[in-house]
Amino acid sequence: MPTPDAALAPELDDWIAQGLQRRRRAVRPVPGSGGVRLAVDGIERLAFCSNDYLGLALHPALVAAAQAATARFGAGATASPMVCGHSEEQAALEDELAAFLGRPRALYFYAGYAANLGALPALVGRGDLIVSDRLNHACLIDGARLSGATVRRVPHADLAAVEAALAAGSSARRRLVVVDAVFSMDGDLADLPALLALCEAHDAWLYIDDAHGLGVLGPRGQGSVAHWGLDGVPGLERLIHMATLGKAAGGAGGVIAGSETVIEWLLQRSRTYMFATAAPPATCAALRVALRLIADEPQRRTQLARLRERLRAGLRGLPWPLAPSETAIQPLIVGDSTAALALSAALEARGLWVPAIRPPTVPEGSARLRITLSAAHGLDDVDRLTGALQALAAAQG
Ligand SMILES: *Cc1c(COP(=O)(O)O)cnc(C)c1O
């Protein structure tokens with residue numbers, strides 16, 4: 001057998017030759033910029049790429065809470081939550097997450113990826129059916145695979161296809177519809193009321209991943225469930241609600257909220273919960289502050305809406321369409337991968353950082369600039385971006 005180097009070098013060369021190599025940039029937030037200005041490999045850029053949609057990651061109250069908790073609890077949780085890693089901070093965070101999301105109980109995982117990878121195999125298995133939107137996030141796809149359930153991928157946002165898949169799977173022991181509530185590369189919303197009604201009609205469960213809705217949608221930032229006014233609707237007991245806390249909440253981790261029974265089951269059976277070290281208590285402490293700010297200070301959501309309107313108005317008439325989106329994710333669809341990369345590079349030369357997203361992350365022919373807004377941006381920041389894109393479009397003729 002060849003050594004790892006001998007086996008992998010040609011594959012790596014091939015990967016690079018196909019233009020698929022991804023590179024990381026070492027970043028540092030510019031002080032006082034709320035994280036929207038980053039020193040990137042030492043050079044300052046105005047960034048439209050983070051998922052810190054409310055600008056909370058650098059908020060002094062979160063930082064102070066994390067510092068105080070680090071001093072009391074130490075830098076790490078020291079063990080799995082099942083042993084001695086379930087800190088008082090994590091216990092309090094779980095109670096506050098349940099109240100915030102309006103469900104009886106919540107379970108906090110060290111990462112959103114781990115939440116989906118742990119929960120899906122705990123909920124369904126061989127003999128069960130998962131109906132999965134084609135644009136679902138990678139960790140929903142991986143969790144579905146790991147579960148051993150039969151997975152039916154349906155075209156994006158195609159309710160008729162979901163219905164057909166549920167009808168065809170009526171003999172499965174359990175049927176679970178799995179969707180991103182806000183699609184991560186498009187910013188559009190899954191029609192949760194319609195999906196919940198389909199689940200009612202076909203006696204199925206609905207699992208939503210609200211990574212990009214929490215903090216951004218809903219009157220108090222509770223996310224997609226509140227946005228759609230689903231609190232208290234019939235069938236809500238079929239809903240299993242997952243969200244992440246490393247985006248608008250400015251911290252890290254994932255949460256699953258649901259009934260006492262569902263959460264107790266997940267606590268007993270999610271391997272990524274049981275066999276991984278709990279998140280640092282400092283992260284939990286910062287998140288508790290974030291939840292308060294998200295719920296009580298709507299001005300960040302107001303600012304986000306203002307920035308979004310400004311961006312959409314400023315990008316009208318460009319050769320590249322802006323996909324419809326009422327969230328902080330505003331994708332400019334370029335189409336060709338090379339063209340998207342070139343546009344991203346041209347913006348970078350003007351001091352702007354907007355990442356190009358290419359297949360296989362997005363469907364073939366839909367390479368894009370994934371513009372993300374943060375409440376820490378100013379209108380002048382958005383104007384700088386729209387001005388640069390208009391100039392680049394004009395230069396192309
Ligand atoms: C980011 C993301 C995750 C993963 O969450 P992490 O906390 O970053 O591990 C899961 N689902 C969706 C839709 C995401 O965008």
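# Salt bridges, ligand site and backbone details

Arg288 has a relative accessible area of 25% and is therefore partly exposed, a class that lies between buried (under 20%) and exposed (over 50%), judged with a 1.4 Å probe and protein chains only. This is a predicted model, in which local features need pLDDT of at least 70 and side-chain atom pairs pLDDT 80 or more, while totals for chains, interfaces and linings use all residues. Residues are numbered from 1 along each chain as its sequence is written, and side-chain values use heavy atoms, with hydrogens and water left out.

## Salt bridges

Arg288 forms a salt bridge (a side-chain nitrogen of Lys or Arg within 4 Å of a carboxyl oxygen of Asp or Glu) with Glu96, and the closest N and O atoms of this pair are 2.8 Å apart. Because Arg288 belongs to helix H11 (residues 281-296) and Glu96 to helix H3, the pair ties together parts that are 192 residues apart in sequence. Here helices (H or I, at least four residues) and strands (E, at least two) are DSSP runs, numbered from the N terminus. Glu96 is likewise partly exposed, since its relative accessible area is 27%.

Another salt bridge joins Arg238 to Asp203, with 3.3 Å between the closest N and O atoms. Arg238 is located in the loop between H8 and strand S9 (239-244), and Asp203 in the loop between helix H7 (192-201) and S8, so this pair connects parts that are 35 residues apart in sequence.

Arg310 sits in helix H12 (residues 299-314) and Asp383 in helix H14 (residues 379-396), so parts of the chain that are 73 residues apart in sequence are tied together. With a relative accessible area of 36%, Arg310 is partly exposed, and Asp383 falls in that class at 31% relative accessibility.

The structure holds 17 salt bridges. Beyond the pairs described above, Arg25, Asp41, Arg45 and Glu348 are linked in a network of salt bridges.

## The ligand site

The ligand is surrounded by 13 residues, of which the closest are Gly112, Tyr113, Asp209, His212 and Lys247; a residue is near the ligand if one of its heavy atoms lies within 4 Å of it.

| Protein atom | Ligand atom | Distance |
|---|---|---|
| Gly112, backbone N or O | oxygen | 2.8 Å |
| His212, side-chain N or O | oxygen | 2.6 Å |
| Lys247, side-chain N or O | oxygen | 2.7 Å |

On its own the ligand has 380 Å² of accessible area, and the protein covers 82% of it; such areas come from the Shrake-Rupley method with a 1.4 Å probe, and for residues only the protein chains shown count as cover.

His212 lies in the loop between strand S8 (205-209) and helix H8 (224-227), and its relative accessible area of 4% makes this residue buried.

## Backbone details

Most residues other than glycine have a negative phi, and most peptide bonds are trans. Thr78, in contrast, has a positive phi near 75° although it is not a glycine. This residue is found in the loop between helix H2 (60-73) and helix H3 (88-101), and Thr78 is exposed, with a relative accessible area of 65%.

Ala157 also has a positive phi, of about 60°, without being a glycine. Ala157 lies in the loop between strand S6 (150-154) and helix H6 (159-168), where it counts as exposed at 57% relative accessibility.

The peptide bond that runs from Pro359 to Pro360 is cis, with omega near 10°. Pro360 belongs to the loop between strand S13 (356-357) and strand S14 (367-372).

Definitions and conventions. Polar contact = N/O pair within 3.5 Å; in protein donor to acceptor, adjacent residues only side chain to side chain.
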